[in-house]
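Here are my notes on this model, as numbered points. Please read them beside the coordinates.

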Amino acid sequence: MRLLDTEVSRTHAAIERDGEKFVLKDRNSSNGTFVNGSPIKSRILKPGDQIQIGRTILQFLQGDPANSRRAADRVELLHQADGTDRSSIVGQMALTGGLPLKDVPAAISSNENARMQATMNLQMLYRISEEAVRPSSSMTQILQRMLDLAIETLGADRGCVLLRDAETETLHPIAVGFRGQENSSPEDVPTLGRPAKDSGEKATGRIPVSRSIVDYVVKNMQAVRTSDARHDSRFETGQSIVRAGIREAMCVPLQARHELMGVVYLDITSSAEEMILLGDQPRFSEEQLRVLAAIGRQAALAVENQRFQEAFVKSERLAAMGQTIATLSHHIKNILQGVRGGSYLIDLGLGKTDTELIRKGWGIVDKNQSKIYNLVMDMLTFSKERQPEMKLSQLNDVAQDVVELMQPQAGEVETKLLFHPASQLPTSTFDPEGIHRAILNVVSNAMDAVEHADDPRVVVQTGFDEPRDLLWVSVEDNGTGIAPENLSKMFLMFESTKGARGTGLGLAVSQKIIREHGGDITVESQIGKGSRFVLTWPRLEDETQMPGMRTLVDG
């Protein structure tokens, strides 16, 4: 596997199979090979292991169905009904992760205070874990909610989250919060090392984050708590922590599995009067520092997972784009070859003044022109979400138009194309152009399927299921049939069993159109006997009814 990484050696590492195990071996690389952050020379890999080669992170995954079967065989669920389960519940605890912290009652004794604080911390960690996995439109929202919880629980006056840029390794503020203020103004961005306007800078101003503390945490990878900035031996009196008017501060690293993602910073500011009244009594404790460190770890993992997900989605999009371009290029090339062949016959006929040759060449050009038109229309239909253009229409008219359109092609390949319309079909509201394309694609697919049949035949029928109030169109052929293993792939984009003749778009587009009408397509097929496709969707009386309001349910 080639890695586009300047820190990877030419032959960096190898994974070798040893029976049921896989062994990672370093090949004397310049920068070494790491598993879960530790350097290795040789290591048996386990599912979930993180492999670091240069600046590239790989994850080892190994499916083992045998383990799942063994686990199922070794676990037995007992039931009280048959007397095998004799257990009884002796204690319980409600998981009130969402309990507002202000609703926790005050304790009376110091022991009770300690227990209550531990309960509050546990509840807060529950909520932090929920935020880490909650679906969100951006990482900023996740970190903002985590920061607000930390400020609320730990009693800080203000705080911020600084994320580290992977390229420049500089820290940038991404979330800021103030005590008792859920939504901070966009102007309230942290400013590293800027002196405060006064020692009691209010929540409505910018946060002067201590560069001294942040630099110390990043350099030493340690959580820091300072309860007296003026006398803390780690910070000189001229540094920003003192000049910013900070009384107490805590800062912890956002350390993920393999790299530093940034820092979380909380502080308490006091005016001169407050410092005189409070003296040297600290408000932050070592227990609170440990809690903040746990929050930092959860936040770092959330950031890392978000970045992994973004990279994965980007990779999937590029792969899908590449597959789309390659497939379309292939089909367009085949169509252009047909156009060139027809053009050659036209040119030859013009030179010989041969009308028959010109007519034959134009027929080829016209056929390939229709192919590229259908290809473009299918791509447009599949690529965008749209609401069907609902009109009061007659299904028999739409289906008959499809059959008449396909009759010339059926005549060319000597195929019987039959139409059996329902005798009494109620008028309904649907998208006639969309239904036309859905039926056309299925009929075209059926025409290809009967190419090698002894007596090729395609039958199109319409009908109305009155008990379920459903319209339906069936397309039946006596072709080769569909193999069972291919039935589940019939409606996947770019999946085609027709080789160069098929685009793999027709059935996928038909299914999308019918589902936009609240219906679906079903397939019945037997090898050697043929296939039957049934397009079914709810009948609507007028255009004010939305297809999505009715769901097609079998039985």
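1. Helices (H or I, at least four residues) and strands (E, at least two) are DSSP runs, numbered from the N terminus. The model is predicted: local features need pLDDT of at least 70, side-chain atom pairs count only at pLDDT 80 or more, and totals for chains, interfaces and linings use all residues. Residues are numbered from 1 along each chain as its sequence is written, and side-chain values use heavy atoms, without hydrogens and water.

2. A nonpolar surface patch comprises I332, L336, I372, Y373 and V376. Together they expose about 420 Å² of accessible area (Shrake-Rupley method, 1.4 Å probe, with only the protein chains shown counting as cover for residues). Patch residues have over 30% relative accessible area and no salt bridge; nonpolar side chains (Val, Leu, Ile, Met, Phe, Trp, Tyr) are joined within 5 Å, like charges within 9 Å.

3. Which helices each supply at least two residues of the patch? They are α7 (286-352) and α8 (355-383). α8 gives the most, with three residues. I372 sits in α8.

4. Salt bridges number twelve, each a side-chain nitrogen of Lys or Arg within 4 Å of a carboxyl oxygen of Asp or Glu. One pairs K416 with D455, with the closest N and O atoms 4.0 Å apart. K416 lies in strand β16 (residues 416-420) and D455 in the loop between α10 and β18 (457-465), so the pair ties together parts 39 residues apart in sequence.
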